[in-house]
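Take a moment with the sequence and the model below. The paragraphs after them walk through the structure step by step.

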Amino acid sequence: MKKIASILKNKEIMNRILFTILILFIFRIGAQITVPGVNPEGLDQYLNSGSALSLMNMLGGGTLQTFSIFALGVSPYITAQIIVQLLSTDVLPALSELRRQGQYGRRKMEYATRYLTLLLGAVQAYGIIKTIENTPDVTLNLNGNWLTYVYIIVVMLAGTMVVMWLGDQISVKGIGNGISMIIFAGIVCSLPNQFAHAFTTYISTRMGFPGNMVVAGVFRFLLYVIAYIVIVAFVTFIELSQRKIPIQHSGKSGGQTQSMTRASFLPIKINSAGVIPVIFASSLMMAPSVIAAFVDSNAANAKWLKIFSTSEMYDMGSWSMPWGLLIYIVLTVAFTFFYANLQIDPQQMAENFQKNGSYIPGIKPGLETERYIRRVLNRVTCIGAAALVLIASLPSILTLSGVFGGDNSLVLGGTGMIIVVGVCLELNNQIDGLLAGKSFDEVVASGGH
């Protein structure tokens, strides 16, 4: 309560919070505006069936199920950002050079990311249109004229750029990371509907039946809520868990020759890659459908594409296998290790230690330090990758098991919880920082008394 009172008294924090709420309100209005000339009848049911576009719909805050002007959301930008980051790791010399040029280089890389966003967004929009158009039980009412496709793609691209601009406004004038906040708002907005649907399914529809059926329905609904709480608690535990490597800092005590040693820690998060591996793995899983839509519109829903579906068993004649889920798991693990080593570069860290006069007790500086950090990072990432796979594949496992009797709208979404918990922790840290800054200003203004 004391923290809430401090937030309410802090004018800067309140202004930032109110500005963020205003931007998110504008985003939710745009999310309800359907692209003119399109009738997305049956699209909601298709996306709730665990299709390849389900994750994109979630990242867009449910904008795809209404085929709104913000249907692409920030998905193309996130994918472009990952690609530029990957290419800047000594793959493309020009980008690697920009990465080392500080603020100027980062600005140039951001321009490159936005141009790539337009290209990927156009490809993604066309792939989505063709995939949905050739899906049974979904009606888009397109006349097949190429100008219609161009028009819809341009509207969707414009919507993506507006969403990115809204995200930038939140990052600068609001609170939290803008892109993360938009995704967060979309996921949180869908939670009340999901719980209301679960209440209707388990309790409301059983009213008037024998008492034992009503009790069983109440029990199942309570179990459903508890399962969600357990998932949130598990995700929070994983997000907060870290391995602390002890660090010693050597330096001079003033102008004296006597050396002074200070101790600190290098924290390595269990899940240092966040939700990025899941997003990138899902993008790759959707790529074959997009490519097939370009090559042949009738091939967009070919039988062989079901091998990339994470929520379907692929029939191989005498037996079936969830190949899509297995490929998804392998990709998620691979990208988790890759992105963790990208976020925490052991070689760069070892070099920085040497420059700053820091060292790990019992480990020689230089190559030995690099090897030690890499070894610890990979061990910790093993746990993080296993946790991320469990959370990300949970919806697919529940769908394949048929626990919810074919009603996949009830499936518990672990990936969304990673984003929600991560954003909440980030917001909490930022608010704590702002409150600490305010207290420091008051101390300085009072002359230290």
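Predicted model: local features only at pLDDT ≥ 70, side-chain atom pairs only at ≥ 80, totals over all residues.

Start with Gln430. Gln430 sits in helix α15, which runs over residues 414-445. Leaving aside residues up to four places away in sequence, Gln430 touches Gly174, Ile175 and Gly176. Now look at Asn177. Gln430 and Asn177 are 253 residues apart in sequence, yet their C-alpha atoms are 10.0 Å apart in space.

Step back to the whole chain. The protein chain has 449 residues, and 43% of them count as buried. It holds 15 helices and five strands. Among contacts with a separation of 6 or more, 69% are between residues 24 or more positions apart. The accessible surface comes to about 23000 Å². Carbon and sulfur atoms make up 64% of that surface.

Next, go inside. In soluble globular proteins, nonpolar side chains tend to be buried together. Here the largest nonpolar core has 57 residues. Those with the most contacts inside it are Ile78, Met181, Ile182, Ile183, Val235, Tyr328 and Met417. Helix α9, residues 178-202, gives the most to this core, with 10 residues. Follow Met181 for a moment. Beyond residues up to four places away in sequence, Met181 touches Thr20, Leu24, Ile170, Ile175, Gly176, Val423 and Leu427. Ile175 and Gly176 are also among the residues that Gln430 touches. A second, separate core has 19 residues, including Phe67, Ala71, Leu72 and Met286.

Trp146, Leu147, Val150 and Val154 make a nonpolar surface patch of about 420 Å². Val150 belongs to helix α8, residues 146-173. Its relative accessibility is 40%, so Val150 counts as partly exposed.

Charged side chains come next. How many salt bridges does the structure hold? There are six salt bridges. One of them joins Arg16 to Glu12, with the closest N and O atoms 3.6 Å apart. Both residues lie in helix α2, residues 11-31. They are four residues apart, about one turn of the helix. Arg16 is partly exposed at 21% relative accessibility. Glu12 is partly exposed too, with a relative accessible area of 43%.

Another salt bridge pairs Lys269 with Glu239, and again the closest N and O atoms are 3.6 Å apart. This pair links distant parts of the chain. Lys269 is in strand β2, residues 259-269, while Glu239 is in helix α10, residues 211-240. The two are 30 residues apart. Glu239 is at 10%, so it counts as buried.

Arg374 and Glu370 form a further salt bridge, where the closest N and O atoms are 3.1 Å apart. They are separated by about one helical turn because they are four residues apart in helix α14, residues 367-401. Arg374 is partly exposed, at 30%. Glu370 is buried, with a relative accessible area of 16%. Elsewhere, salt bridges that share partners join Glu110, Arg114 and Asp168 into one network.

Finish with the cysteines. A disulfide is a covalent bond between the sulfur atoms of two cysteines. How many disulfides are counted here? The count comes to zero. Cys382 is partly exposed, with a relative accessible area of 45%. Cys424 is partly exposed as well, at 39%.

Methods:
Residues numbered from 1 in each chain as written. Heavy atoms only, no water. Patch = residues over 30% accessible without salt bridge, like charges linked within 9 Å, V, L, I, M, F, W, Y side chains within 5 Å. Areas by Shrake-Rupley, 256 points an atom, 1.4 Å probe, with all protein chains shown as cover. Salt bridge = Lys/Arg side-chain N within 4 Å of Asp/Glu carboxyl O. Buried < 20%, exposed > 50% of the residue type's maximum accessible area, 1.4 Å probe, protein only. Contact = heavy atoms within 4.5 Å. Core = buried A, V, L, I, M, F, W, Y, C linked by side-chain atoms within 4.5 Å. Disulfide = S-S within 2.5 Å.
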